[in-house]
Structure formats: C-alpha cells, structure tokens
Amino acid sequence: MQFARAAWKFLVAVKDGMVLIAMLLFFGALYTILSSQPNSGAIRDGALLLDLSGVIVEEPAAPTFEDFLASNGSNSLREYRLRDVVHAIDATVEDDRVKAIVLDLSGFVGGGQTSLTDVGDALARAKKAGKPIYAFASFFSDDSYQLAAHASEIWMDPMGGIIFAGPGGSRLYYKGLIDRLGVTANIYRVGTYKSAVEPYMRADQSSAAKEASEALYGVLWESWLAEIKKARPQAMVKSFADDPAAFVTAAGGDYADVAIQQKLIDKLGDKTAFDRFVAEQVGVDETPAPDSFKSIDFDDFVAGNPVDTDGSPIGVITVAGEIVGGSSGPGMAASGRIAEQIYTALDEDEIKALVVRVDSPGGSAYASEEIRLALLEAKKKKLPIVISMGDVAASGGYWIATAGDHIFAEPETITGSIGVFAVLPSFEKALAQWGVTADGVRTTPISGEPDFVGGFSEDLNAILQAGVEDSYSDFIKLVSAARGKTAEEVDGIGQGRVWDGGTARQLGLVDGFGGMTEALAEAAKRAGLAEGDYHAQYLDPQDSLGLLPFSGIPFVQKESAPITGVVGWAAQRQKAMFGDALATAQGLLAREDVQALCLECGINVQRNRLAPDGWVENLLRYSLSSDPR
C-alpha cells in the first residue's frame with residue numbers, strides 16, 4: 001500500500017510538472033507572436049522586398065504548435081498567400097514610397113504555374129507603371145525564373161547556375177515491392193485514365209496514362225515558354241532548354257557563362273554586390289550594414305494596404321488542398337468547416353453573390369458532396385455562384401464546381417479527372433510466410449470483413465466495386481446536369497482523364513478564361529451590381545485561439561474522421577483489426593499471471609488511451625487528462 005501511494009504521488013508530481021512546462025511553452029510562444037506582429041507604421045521610402053523563401057499557395061496551412069516551437073517562431077520555409085503577394089505588388093503602383101521591387105528568389109521553392117502567372121502579371125503591371133524590378137538568386141529553375149523574367153534586371157551569383165527541367169518526369173511504382181512483401185492491393189476504380197492507383201497495380205505507366213500526361217504537360221510547357229518569351233524576348237530559353245548539356249559542355253561547365261551568353265540574366269554578382277546595386281537605386285540603409293538598401297517589409301506593407309471594402313460584398317469561399325471530412329484546416333479542404341462558412345454567408349444579408357475559389361486535386365467524394373450541397377442551399381436563396389479555378393481543380397474539385405452558375409479557369413489550370421477509386425491493402429500472403437493465418441465463424445457472407453489476414457472475400461470485393469461504380473455514375477450525372485451534356489458525352493471526356501484549362505473549355509467543362517478578377521466581375525453582374533460597386537469579402541477560417549498563428553494547442557485528441565460510406569467503414573474496420581492484433585501481441589508479452597479473460601469480449605478497449613501523436617500533443621493531452629484514480 002505504501003508503495004502504491006508513493007507511486008501515485010510521483011505520477012501527480014510528473015503530471016503537475018507537465019502542466020507547468022505546457023504553460024511556459026504557451027506563454028513563451030504568445031510573447032514571441034505579440035512582439036513580431038506586422039507594423040504598418042514602419043513603412044518608409046525604399047524597395048518593397050519580396051524575399052520569397054518558401055512557396056506561393058492559395059491558402060497557407062496553419063502550422064501546428066509543435067511546428068511553431070520547432071522553428072522558434074520563425075518562418076524558415078513559409079507559405080505565402082497568393083492574393084497577398086499579388087495585392088502587395090499592385091499596391092506599389094500608387095505608392096510613391098516604393099521606389100522599386102526586389103525579388104530575392106534564392107530560397108524560393110515554387111508554386112503552381114497558374115499562381116506564378118498571376119504574380120507575373122502583377123509584376124508586369126507594376127513595371128509598366130514605372131516601378132523598377134530587380135531579381136536575384138544564386139540558382140534559377142523553372143518556377144523562380146518564371147517570376148524573374150518579369151524583372152527589369154536579373155542578377156545571379158557567379159557560382160550559381162540555371163536549369164529548365166519542364167513539367168513531367170518519373171514517379172514511383174510499387175507493384176514489384178508490394179508483390180515481394182506479399183501485400184495485396186485491393187483496388188476498386190472506374191476510369192481508364194484514373195492513374196492515381198497505377199503505382200499499386202503496375203510496375204510502369206499505362207499507355208492511357210502516358211497519353212494523357214503527354215498532352216497535359218505539352219500544353220503546360222508551351223504556355224510557360226510563351227510567358228517567358230513575352231516577358232523577356234531576348235532570352236534564348238527554348239534553345240537552352242532543348243539541349244542544356246551541349247551548352248554547358250561547350251562552356252566548360254561554367255553555368256554563369258551560359259546564362260549570360262543565352263541572355264537569360266543581365267548581371268553576375270554575389271548577394272552583397274546585388275544589395276549594393278539596389279542601395280544605389282533606392283538609398284542606403286546604414287543600420288544593418290553599409291551595403292544594405294532601404295527596404296519595406298512585405299508583411300508591414302500588406303498590413304498597411306488593406307483591401308478595398310467599398311461597395312457590396314461578394315463572399316469568397318476557398319477550397320484549397322485535399323478535400324477531407326471534418327473541420328480541420330486551413331491547408332486541407334475540410335468539408336465541415338467550408339460548409340459552415342457557406343451557411344454563415346447565407347445568414348449575412350449583405351453578401352450578394354459567392355465566388356468559390358477551387359485549388360484542389362480532389363479527395364473524398366462524400367466531403368466534396370457535402371460542400372456542393374451547401375452551395376445548393378445558396379442557390380435556393382438566389383445567390384449567384386461563380387467558380388474560379390486556380391492551379392488545379394480536378395476530381396473532387398470539379399465535383400464541387402458543378403454547383404456553379406459559371407466556371408472560370410486559366411489555360412494552364414489542371415482540371416477534369418472525372419473518375420473515382422479506392423484502395424485497401426490486405427496482408428494474407430505476407431503474414432502466411434510467418435505462420436499467421438485466419439479462421440473463425442461467420443454469421444453473414446461479410447462477417448469479419450475486411451479480413452486483412454485472410455484476404456478479402458469476393459462478396460466484399462463485389463460490394464466495394466459496385467459502390468465505386470455507383471459513385472462514378474453519380475459524378476457523371478452531376479456533370480451532365482451542370483454542363484448540359486448527355487451521360488455518354490461526359491463519360492467520353494471523363495474516365496479519370498485530366499485536362500488543361502484550354503482543352504477543358506473546348507470540351508465544355510468550363511465556361512471561360514479568367515482568374516479572381518473576372519470571377520468577381522461575373523458574380524457582380526449576375527447579382528445586378530454596378531461595375532466597380534463591389535468588393536471581395538474572403539470568408540476565411542478563424543484560428544481557434546485568435547491571435548495565435550497556428551491551429552491551436554492540442555489539448556484534446558484529434559478529430560476522428562467520420563464514416564462516410566462502405567469504403568470508409570471498411571477502412572475503419574481494417575484499422576481496428578490492426579489495433580486488435582497489436583493489443584493481442586502486447587498482451588502476450590505483458591501478462592505474467594493466470595488470466596480470466598474473454599478473447600471475444602473486446603480486448604482492444606484500452607488501446608487508444610494515448611495515441612502516438614506529436615510529443616507536445618501527448619504531453620499536453622496527458623497533463624490535462626482526467627484523474628486516473
């Protein structure tokens with residue numbers, strides 16, 4: 001008894017210590033955040049510095065508390081919101097304090113081709129208005145050069161380089177590994193071109209998938225070349241891209257010499273030389289270093305140039321990332337959260353129309369339908385709905401788009417992929433090699449299914465394939481009704497094939513070319529608003545803790561995914577069986593006494609008491625759990 005009491009006191013002390021540590025971490029993070037908020041009052045004459053160390057996305061994901069602690073509050077690899085970057089560049093046109101725009105692309109990872117075209121167009125508008133643009137990078141590739149091509153002057157480090165790879169390349173195929181491991185990939189799909197499952201069923205790309213990829217990548221590459229040619233006519237990009245080895249070999253491996261000779265860049269110089277050059281144009285900032293130029297911080301500039309709010313509001317709903325159920329995000333297109341934003345918009349009488357910005361490769365069909373149904377509620381209230389497609393609006397993204405009255409895409413938008421699939425693994429071959437087999441009693445043909453040890457039954461396979469085929473039929477009907485086509489016509493351009501925006505328009509999957517500007521104008525026209533008498537009201541999700549730039553401290557367990565159909569039921573049952581197997585193995589090793597235990601009575605009751613999540617999340621969850629006595 002004394003030992004038990006001592007052990008209990010020790011556990012209570014550990015728990016209290018964990019709470020204290022959690023509180024210290026929280027308040028430390030809060031102090032860091034509050035001391036680094038954007039300051040619009042700090043804007044002064046100089047160059048707007050776009051130090052794009054990271055990626056440009058439609059909707060940045062809120063980092064987790066663990067991410068924030070790991071980075072010490074810094075943004076070493078940041079997600080920049082596309083509309084913020086475009087708005088900041090456009091705002092320089094009327095701001096006399098901005099003497100130039102500086103693109104530091106050394107840490108730029110990239111972005112979608114359509115997004116980068118939007119940024120490039122904004123840079124072209126600023127340059128036309130008389131704002132010099134200076135770009136620097138130690139190394140240029142496709143994405144960074146797509147932005148740099150719009151600069152007045154391009155600098156590169158003499159020890160740097162430049163290469164254009166173009167879209168396309170290899171992807172991994174796991175069929176050989178799966179067979180060697182004895183894993184069975186139970187695949188259910190509809191669509192000749194639905195290639196997302198091919199890595200699990202083939203060792204190479206099918207001819208149908210290759211045909212679709214060649215057509216898509218060919219259009220994207222030609223569009224990229226055309227944009228560069230327009231922005232920088234003197235650059236001999238295509239000849240270099242067609243045979244880079246010949247040029248580099250002829251230059252003796254001197255990448256910088258190739259870049260100069262092909263007129264891809266204007267000047268060679270390291271970062272200090274570049275900064276000194278910019279300082280000569282916009283003024284010297286003596287505080288950081290004598291060679292530093294007067295700069296305007298991007299976040300400060302965005303904060304000091306809020307978007308226009310004149311006229312009637314047009315609500316903008318963002319569907320960005322993989323489409324999933326629940327209320328997570330941003331960064332994931334969670335159907336519950338997005339549907340709630342739509343219903344909230346319906347309660348605001350001021351909102352006259354909705355623009356749905358889709359930048360998603362798809363995801364859960366059930367979650368896609370949840371968002372579409374919410375949009376149909378808006379239609380019942382006579383709100384016009386216009387779809388604006390970003391870099392990609394395919395599969396589930398296109399499912400949602402069928403609710404629109406008008407669909408805009410860019411020529412380089414990736415869309416279509418009207419098809420569905422499901423993959424569930426089983427391990428009967430692998431486990432049999434280790435002597436693990438399955439046996440039991442069934443009350444129905446699918447008792448105990450999905451059986452990841454004994455293999456899926458033909459009955460379950462038939463049920464799952466029929467469900468996938470029914471989902472495809474639903475998809476075809478939605479597109480048919482929305483686009484005024486027969487089911488046969490939609491099936492002919494469906495089958496999981498992906499299309500570029502230009503071809504999609506020819507096929508009648510989209511109505512016109514344009515971005516958010518055109519979509520807002522169309523929504524205003526359908527709402528009967530006068531030209532220019534409206535503004536975009538972005539219905540963004542709010543952080544659960546307000547000021548904190550992450551998705552909240554995980555005091556409780558993560559949201560569990562709801563069961564949304566037979567496939568979801570099968571997947572959840574499969575996970576539960578894995579849990580049972582692990583619990584049985586642990587029990588075999590842990591029990592040291594005669595047991596009075598019922599094998600069929602729920603041995604997995606306790607297996608999820610502490611889920612293996614991040615260390616901070618586990619720490620906080622344990623420290624805030626109920627008293628274990």
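Reader: At what angle do helix α4 (residues 113–128) and helix α8 (residues 207–231) pack?
Author: The model is predicted, so local features need pLDDT of at least 70 and side-chain atom pairs pLDDT 80 or more, while totals for chains, interfaces and linings use all residues. Residues are numbered from 1 along each chain as its sequence is written, and side-chain values use heavy atoms, without hydrogens and water. Helices (DSSP H or I runs of at least four residues) and strands (E runs of at least two) are numbered from the N terminus. The axes of α4 and α8 lie 12 Å apart, and the angle (0 to 180 degrees between N-to-C directions of lines fitted to C-alpha atoms, for helices over the stretch in contact) is about 10 degrees.

Reader: Which residues of α8 make the contact with α4?
Author: The two helices are roughly parallel (under 35 degrees; over 145 is roughly antiparallel, 65 to 115 roughly perpendicular, the rest oblique). Contact means heavy atoms within 4.5 Å. From α4 come Q113, L116, T117 and K127. They meet, on α8, L220, S223, W224, E227 and A231.

Reader: Which strands stand at the edges of the open sheet, and why is one side of each without a neighbour?
Author: The sheet has the order β3-β2-β5 with parallel pairing (at least two DSSP bridges between two strands). Neighbouring strands are turned by 25 degrees against each other on average, direction ignored. A strand with a single partner has one side left without a neighbour in the sheet, so the edges are β3 (78–81) and β5 (108–111).

Reader: Which residue of β3 is the bridge partner of I56?
Author: Strand β2 (residues 54–57) runs parallel to β3 and is joined to it by four bridges. Helix α3 (residues 82–91) lies across both strands, at about 60 degrees to β3. In β3, I56 has as its bridge partner Y80.
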